[in-house]
Amino acid sequence: MKLKSINQILGYETIVENSKNDFFSNAYTSDLLSDVMGNAPADSVLITIQAHKNTIAVATLAEIRAIILCNGRTAPDDMIEAAAGENISIYRTDDNQYEASWKIKGLLDGE
């Protein structure tokens, strides 16, 4: 699934878009970064409310392609800069993690 579909189909706001890693094949929902490091699959989208630079460091280690910030969370400037440097896309939504997870599952299932 192309990352652009998160914006184009779901209408989530694109904060950082990177074209190098523009596909994802899975998703993981968590707000505990140690859990993300241990369990998030590679080439996935992380659905979270953790809007800070450390989220990008964890996403890089876990080979995550994009982060969806839920509940209207705003990415700080240092997070945006880190994401651009690591080729990780960031999207923002007012949906909560449950709603975003269902919508991403629908995208992956072709619904």
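## Pairing within the sheet

Ile47 lies opposite Ile68 of strand β4. The model described here is predicted. Strand β3 (residues 44–48) and strand β4 (residues 66–69) run parallel and are joined by four bridges.

Helix α3, spanning residues 53–61, packs on the sheet and touches β3, β4 and β5. The direction of helix α3 makes about 145 degrees with that of β4.

## Overall sheet architecture

The open sheet is built from five strands, arranged in the order β1-β5-β4-β3-β2 with mixed pairing. Strands β1 (13–16) and β2 (26–29) form the edges, each pairing on one side only. From one strand to the next, the twist averages 25 degrees.

## Ser89 in strand β5

Strand β5 covers residues 89–92 and includes Ser89. Ser89 has a relative accessible area of 1%, and because this is under the 20% cut-off, the residue counts as buried. When neighbours within four places in sequence are set aside, Ser89 is in contact with Leu3, Val16, Glu17, Asn18, Arg65, Ala66 and Ile67.

## Nonpolar cores

In soluble globular proteins, nonpolar side chains tend to be buried together. In this model the largest nonpolar core has 20 residues. Val36, Ile56, Ile64, Ile67, Leu69, Met79 and Ile90 have the most contacts inside that core. Two or more residues of the core come from each of α2 (33–39), α3, β4 and α4 (77–86).

Not counting residues up to four places away in sequence, Leu69 touches several residues, among them Thr48, Ala51, Met79, Ile90 and Tyr91. A second, separate core comprises 14 residues, including Tyr12, Phe24, Ala100 and Ile104.

Technical notes
Residues are numbered from 1 along each chain as its sequence is written. This is a predicted model: local features need pLDDT of at least 70, side-chain atom pairs count only at pLDDT 80 or more; totals for chains, interfaces and linings use all residues. Side-chain values use heavy atoms; hydrogens and water are left out. Buried means under 20% relative accessible area, exposed over 50%, partly exposed in between (1.4 Å probe, protein chains only). Contact means heavy atoms within 4.5 Å. Two strands pair if DSSP finds at least two bridges between them. Axes are lines fitted to C-alpha atoms, for helices over the stretch in contact, and angles run from 0 to 180 degrees between N-to-C directions. A nonpolar core is a set of buried Ala, Val, Leu, Ile, Met, Phe, Trp, Tyr and Cys residues joined through side-chain atoms within 4.5 Å.
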